[in-house]
Amino acid sequence: MQQDTSSSASGILPEVADQEETIQRLRAENARLRSDLEHLVAKSLATSSSDSWTTAMKRGIEYSDGQSHTSSISAGRLLRQLSGISKERMKAGKIRNSNDFEYLPRPSTDETQLESDFVRWGYCLVQDAMSPSQIQRQMDRLVDQAQAERQLDSAIMTSRNDRAQLVNNLVLKGDVFRDIVEFKESAAQRGPLVDRLLTKIMGEGFGLGCAHGSIVHQGGGLQELHIDQGLLPLPYPPFPFGSLIIWCFTEFSLDNGATYIVPGSHRSSDGTTVFSVGANLVDLVDSEPGLVAICAPAGTCILTDTRVLHCGGRRTAPGTRYGLRCHYNRHFIRALHEQSGANHHVPDEIYALLSDRLKHMMGITHSNLNPIGELSCNDLSDDDS
């Protein structure tokens, strides 16, 4: 036995046991630990099978509206805190341009940076996603369609005094729209990059919720703050159920009526969703950077997490803001938007033009031209009798 004078620990160091003694000691310790573990597992199972099940059964069914936080209206309850806040902040001049904050996302073509921005802030900006000629083709077709719908008195006006118009279901209204919805390079020069990002966000085989044009004139465009998966029940998993993307045909800024967003309002650093029972959403709006207007040059594509707080912004400058909004969902979720019902009413001549991918996105991959309707065996006769 000898003392280690170089050690800060006091006392005598033990002698090293021989190999066989060490093996026997470790085997005995292993057996004891196994016994303790089996005892703890048995105790846990006994508790689970009695106390926890009894408690769960007493609670009863917890998935109906008004009975549980897992209700599909629970997100709506949370969002009521924000009623009128976008208008209040706008009138008070408390909404700033995103460019005022050097750490917020800027347009980029670096895929790593885009992913980083999306994770941290709930949105990213793809730079030069469309060329000037591609923007012009989109705008020309959108303006023509919008004018025709107004002449037919079928236009969807989304602000008073006709200061904003929504052109719904663009997949049925032009090749240029169909091509950009499925990210063809002919319609958007960085479409493949946007496609890769969306696939990382939602996985393979994602579907199309809606695709509509947005036209906002001076004085129009303001919405209430919301999230784009608010119809889904809480608690949310640590990932979005979809992504709203915005193709900017004209410049986005505060005066031009850019989308308002609360950066970072979608999740914490460990992935935990911000939307939970008892959450104070007003604090998110009041903290830095708060509610900002996304700044983006014409040709930019904005990708958002469906959990991030956002809304349409009021255009105060003269002129008009043009854009295209497309909502995409994970493959197991049907479209969440009221405008998406048109996906199931596709004229034969348009159906023939759709690619296989677009049919899948729209949920019309399989089409039965001669469906069997209601029958009764009493109506069937035997022709051979």
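Begin by selecting Tyr-123, which stands opposite Thr-304 in strand 9. Helices (H or I, at least four residues) and strands (E, at least two) are DSSP runs, numbered from the N terminus. This is a predicted model, in which local features need pLDDT of at least 70 and side-chain atom pairs count only at pLDDT 80 or more, while totals for chains, interfaces and linings use all residues. Residues are numbered from 1 along each chain as its sequence is written, and side-chain values use heavy atoms, with hydrogens and water left out.

**Strand 2 and the sheet**

Strand 2 runs antiparallel to strand 9, and four bridges join them; two strands count as paired if DSSP finds at least two bridges between them. Both faces of strand 2 are covered. Tyr-123 and Leu-125 on one side, and Cys-124 and Val-126 on the other, are all buried, where buried means under 20% relative accessible area, exposed over 50% and partly exposed in between (1.4 Å probe, protein chains only).

Now show the open sheet of seven strands, with antiparallel pairing and the order 2-9-6-11-5-4-3. Its edge strands are strand 2 (123–126) and strand 3 (156–157), each pairing on one side only. Strands of a sheet pair through backbone hydrogen bonds, either parallel or antiparallel.

Next select strand 9 (residues 301–305) with strand 6: the two pair in the antiparallel sense over five bridges. To find one of the partners, pick Trp-247, whose bridge partner in strand 9 is Cys-301.

Select Gln-229, in the loop between strand 5 (207–217) and strand 6 (242–248). Is Gln-229 buried or exposed? Its relative accessibility is 0%, so Gln-229 counts as buried. A polar atom of the Gln-229 side chain lies 2.8 Å from the backbone nitrogen of Phe-241.

**Helices across the sheet**

Select helix 7 (residues 191–202), which lies across strand 2, strand 6, strand 9 and strand 11 and runs at about 160° to strand 6. Axes are lines fitted to C-alpha atoms, for helices over the stretch in contact, and angles run from 0 to 180 degrees between N-to-C directions; contact means heavy atoms within 4.5 Å.

Then move to helix 5 (residues 132–151), lying across strand 4 (164–167), strand 5 and strand 11 (320–329), at about 100° to strand 4. Colour its buried residues: Gln-134, Ile-135, Gln-138, Met-139, Leu-142, Gln-145, Ala-146 and Glu-149. Seen down the axis of helix 5, the buried residues fall within an arc of 140°, so they line one face of the helix; the arc is that of the directions from the helix axis to the C-beta atoms. Their cover includes strand 4, helix 6 (175–181), strand 5 and strand 11. On the other side of helix 5, Pro-132, Ser-133 and Gln-151 are exposed. Past the helix comes Asp-153, with a positive phi near 60°.

**Gln-134**

Finish at Gln-134 in helix 5. Gln-134 is buried, with a relative accessible area of 9%. What lies around it? Leaving aside neighbours within four places in sequence, Gln-134 is in contact with Ala-129, Glu-185, Ser-186, Ala-187, Ala-188 and Gln-189. A polar atom of the Gln-134 side chain lies 3.2 Å from the backbone oxygen of Ser-186.

Methods. A polar contact is a pair of N or O atoms within 3.5 Å; within protein, one must be able to donate a hydrogen and the other to accept it, and residues adjacent in sequence count only if both atoms are side-chain atoms.
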